[in-house]
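Hi everyone, thanks for coming. Have a look at the model on the screen, and I'll walk you through a few places in it.

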Amino acid sequence: MEEAQTLLAAARSVVVLTGAGVSAESGIPTFRGDEGLWKSYRPERLATPEAFASDPRLVWEWYAWRRELVATRSPHSGHVALARLCQDRPGVRLVTQNVDGLHARAASEIGSGAAPPLELHGSLFRVRCTACRYRAPHTASVDSGTVETLPRCPECGGLLRPAVVWFGESLDAAVVAEAFRAAEEAEVCLVVGTSAVVQPAAALPLSTLRTGGAVIEVNPVPTPLSQVAEVVLRGPAGELLPPLVEGALA
Ligand code: BJW
Ligand code: ZN
């Protein structure tokens, strides 16, 4: 812990990459692992454009369930610690694979004016049209009972879909470019709660390493990144991030 605090305290530029594990202690299931969502739902049935094209009702049902779950949950001490780090240190950029919006909620809870997190995989609370370029925030509840009740585009009447990035889809090029720029400039990449297997997100810490920076990993279990990390903190984000950030900001 001390080594991680010292590294983080000394770094002028930091990129933080988070994954589903950072929200686990808020009661939001991760994807992989024993308790993960993929244990009960096959990714190719739900998180691909092909799945949506073949059964939009089923896919919307899954997303409606996750939206409702997230709406009842709150950011925990780990989210708040990261929000504080971003607030106090202008050189820190937060990049998340999560679609739950909890980092932004934590930032708003503490009144942070820091740049919003870069959301690599989109958001559960935005939609886009499958037929035109319409995109918008969307928090209203979705009736996924039948295809007829699914949300429709106000511009063209096309079917709306969650504005998240599914397997085989490209990420927003501007968001990816900004995330890689931050990772390349960073002296430290703090990686929290990701299995580090999904590309291109998993390559971000490698960019930091390539340009001479160091990786700190926070995860209860080993990942492919563990062997290249300078420091590995084994344990849950909610327990480890508050002392890590407190020490780095002291
Ligand atoms: C805790 C904790 C606690 C628990 N505290 N930690 C072969 C090689 C390389 C790449 C590919 C390949 N074949 C295909 C690809 C490309 C593919 C990919 O990477 N696949 C790999 C699986 C192999 N990538 C893509 O398709 C991406 N697009 C792309 O590459 O475009 C170009 C292209 C186009 C066409 C063809 C090929 C390329 C898009 C990826 C989109 C990912 N989308 C999802 C769903 C988003 C929407 C939704 O949420 O529904 O994003 S999948 C899912 O995985 C979600 C997550 O953001 C993402 C990453 O998961 P994450 O966050 O790491 O979660 P977990 O569950 O895996 O891990 C949780 C971790 O937390 C664990 O380590 C726990 O130990 C830990 N943890 N409790 C701290 N309390
Ligand atoms: Zn439309």
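**A walk through the model**

Let's start with strand 8, where 5 of the 5 residues are buried, so this strand is largely enclosed by the rest of the structure. Before I go on, this is a predicted model: local features need pLDDT of at least 70, side-chain atom pairs count only at pLDDT 80 or more, and totals for chains, interfaces and linings use all residues. Residues are numbered from 1 along each chain as its sequence is written, chains are lettered from A and ligands numbered from 1 in the order in which they are written, and side-chain values use heavy atoms, with hydrogens and water left out.

By buried I mean under 20% relative accessible area, by exposed over 50%, and partly exposed is in between, with a 1.4 Å probe and protein chains only. Helices (H or I, at least four residues) and strands (E, at least two) are DSSP runs, numbered from the N terminus.

Back to strand 8. Ala214, Ile216 and Val218 are buried on one side, and Val215 and Glu217 are buried on the other, which leaves both faces covered. Strand 8 pairs with strand 7 in the parallel sense over 5 bridges; two strands pair if DSSP finds at least two bridges between them. Within this pair, Val191 stands opposite Glu217.

Now, which residues of helix 1 are buried? In helix 1, residues 2-10, they are Ala4, Gln5 and Leu8. They cover an arc of only 100 degrees around the axis, which puts them on the same side of helix 1; the arc is that of the directions from the helix axis to the C-beta atoms. A handy rule: an α-helix has 3.6 residues a turn, so residues three or four places apart point the same way. On the other side of helix 1, Glu2, Thr6 and Ala10 are exposed. The buried residues of helix 1 pack against several elements, including strand 7 and strand 8, where contact means heavy atoms within 4.5 Å.

The loop between strand 7 and helix 8 has two details to look at. Pro200 is found there, and a cis peptide bond with omega of about 5 degrees joins Gln199 and Pro200. Ala196 is in that loop too, with a positive phi near 55 degrees, and it is buried, at a relative accessible area of 12%. For background, most residues other than glycine have a negative phi, and most peptide bonds are trans.

Next, an open sheet: 3 strands in the order 5-4-6, with antiparallel pairing. Strand 5 (135-137) and strand 6 (160-164) each have a single partner strand, so one side of each is left without a neighbour in the sheet. Strand 4, residues 122-129, is joined to strand 5 by 3 bridges, and Arg126 stands opposite Pro137 in strand 5.

Finally, the zinc ion, ligand 2. What are its protein donors? They are the SG atoms of Cys129, Cys132, Cys153 and Cys156, lying 2.2 to 2.4 Å from the zinc ion. Donors are N, O and S atoms within 2.8 Å of the metal (3.2 Å for Na, K and Ca); water is not among the atoms, so sites may look incomplete. Cys129 lies in strand 4 and Cys153 in the loop between strand 5 and strand 6, so the pair ties together parts that are 24 residues apart in sequence. Cys129 is buried at 4% relative accessible area, and Cys153 is buried at 5%.
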